[in-house]
Structures are given as structure tokens and as C-alpha cells.
Amino acid sequence: MASVVLSIGSNLGDRLAQLQSVVSGLGDAVRAISPVYETDAWGGVEQGPFLNAVLLADDPVLDGPGWLRRAHEFENAADRVREQRWGPRTLDVDIVSCHDGEVEVRSADPTLTLPHPLAHQRAFVLVPWLAADPDAALTVDGRPVPVTDLLAVLDAGERNGVRRTDLALVP
């Protein structure tokens with residue numbers, strides 16, 4: 001069985017509906033859903049704020065590449081356009097980490113790097129993930145690090161830029 005941590009975000013169109021499409025599309029595979037947060041865009045491209053959330057999901061037939069295919073299916077269904085790195089998007093679905101049972105799936109493939117190589121630097125991933133799983137840990141430099149510790153070393157401005165909303169995703 002493969003379990004996954006997905007970071008989902010949207011800053012174009014009906015942002016909440018785009019996020020909800022992933023939750024609805026995964027159906028019973030979803031184990032946990034974080035609250036929805038609004039965050040300023042990351043990466044230096046001028047654009048509107050994102051809605052972000054983290055999902056924990058299990059699927060006995062998906063491995064890392066299978067989860068990547070699913071992520072791309074959701075993005076394609078939302079008419080995601082990849083014109084500019086870190087640019088605005090209808091839907092972004094990133095695989096943060098993946099486990100096959102108790103074993104962490106690791107990949108250095110440029111198409112699918114696991115665990116996500118930048119997740120430990122992104123408060124918009126860590127804050128929702130911690131809300132969905134208070135015991136979360138992410139492998140960084142070959143060792144598991146509690147998400148609470150990763151979040152603590154981020155700049156306060158980065159952490160404070162992740163604002164919880166009253167919006168919710170429905171399983």
C-alpha cells in the first residue's frame with residue numbers, strides 16, 4: 001500500500017473548488033485533510049494569493065509514479081498551464097512524501113524527486129501538514145526531521161504568511 005502526503009494549491013479561478021476537486025477525486029483514499037490556508041505566492045513571481053491545503057491519502061495500487069500520474073490528472077482536469085516556473089496556476093498538486101507500508105519511497109529522478117526537495121523550506125506546505133498530522137516528519141539530508149522542527153527554523157515572516165481561513169474541504 002502506498003500512502004502519500006499531497007500539497008495542493010490554487011490561485012486562479014475558483015480556488016476552493018480546484019482544491020475540492022482533488023479531495024473529491026481521491027474519495028475514500030483520503031485519510032486526513034488540513035484546514036485551508038491563504039498564502040502569498042512563493043518564488044518571486046508577481047501574482048495573487050494561493051489557497052493551500054495538505055491531504056494524507058492511501059491507495060493500495062499506487063506507487064510514487066502512480067501518484068504522480070494522479071496528480072497530473074487532477075492538474076490537467078483543472079486546465080493547469082505550465083508557462084512560467086512558480087507562476088499562477090489553477091491547481092498545483094505536489095507529492096511531498098510517499099511510503100510503501102513503513103518504507104519511505106525515495107527517488108532522485110528529475111521527474112519525481114522524493115521526498116519533495118523543497119518542502120522543508122515552504123511554510124505553505126509545513127503548516128497545513130502539521131495541522132493534518134501533528135507527528136509528521138520529513139526526510140531532509142537523509143534523516144527524518146519532525147515538521148515542527150523544520151517549521152521552527154523558517155523565517156517568522158514565512159510562517160506568518162500562512163493564514164488559516166474559515167474555508168473547508170469536504171471529504
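I call a residue buried when its relative accessible area is under 20%, exposed when over 50%, and partly exposed in between (1.4 Å probe, protein chains only). Helices (H or I, at least four residues) and strands (E, at least two) are DSSP runs, numbered from the N terminus.

**Entry 1: ground rules.** I am working on a predicted model, where local features need pLDDT of at least 70, side-chain atom pairs count only at pLDDT 80 or more, and totals for chains, interfaces and linings use all residues. Residues are numbered from 1 along each chain as its sequence is written, and side-chain values use heavy atoms, with hydrogens and water left out.

**Entry 2: helix H3.** I looked up H3, residues 123-132. Nine of its ten residues are buried, so the helix is largely enclosed by the rest of the structure. Among the buried ones I noted Phe124, Trp129 and Leu130.

**Entry 3: the whole chain.** I counted five helices and eleven strands. Buried residues make up 50% of the 171 residues. I then checked the radius of gyration, taken over C-alpha atoms; the globule rule is 2.2 Å times the number of residues to the power 0.38. A compact globule of 171 residues would come near 16 Å, and the chain has 15 Å, which agrees. The C-alpha atoms fill a box of roughly 40 × 35 × 30 Å along the principal axes.

**Entry 4: cores.** In soluble globular proteins, nonpolar side chains tend to be buried together. I searched for nonpolar cores, meaning sets of buried Ala, Val, Leu, Ile, Met, Phe, Trp, Tyr and Cys residues joined through side-chain atoms within 4.5 Å. The largest has 28 residues, and Leu6, Ile8, Val22, Leu26, Trp67, Val93 and Ile95 touch the most other members. Strands S1, S4, S5 and S8 and helices H1 and H2 each supply at least two residues of this core. Apart from it lies another core, of 24 residues, among them Val54, Ala119, Leu130 and Leu151.

**Entry 5: isoleucine 8.** I listed contacts (heavy atoms within 4.5 Å). Leaving out residues up to four places away in sequence, Ile8 touches residues including Leu19, Val22, Leu51, Val93 and Leu169.

**Entry 6: two loop residues.** Proline 115 sits in the loop between S8 and H3. A cis peptide bond joins leucine 114 to proline 115, with omega about -5°. Aspartate 141 is in the loop between strand S9 (137-140) and strand S10 (143-146). Its phi is near 50°, a positive value in a residue other than glycine. Aspartate 141 is exposed, with a relative accessible area of 79%.
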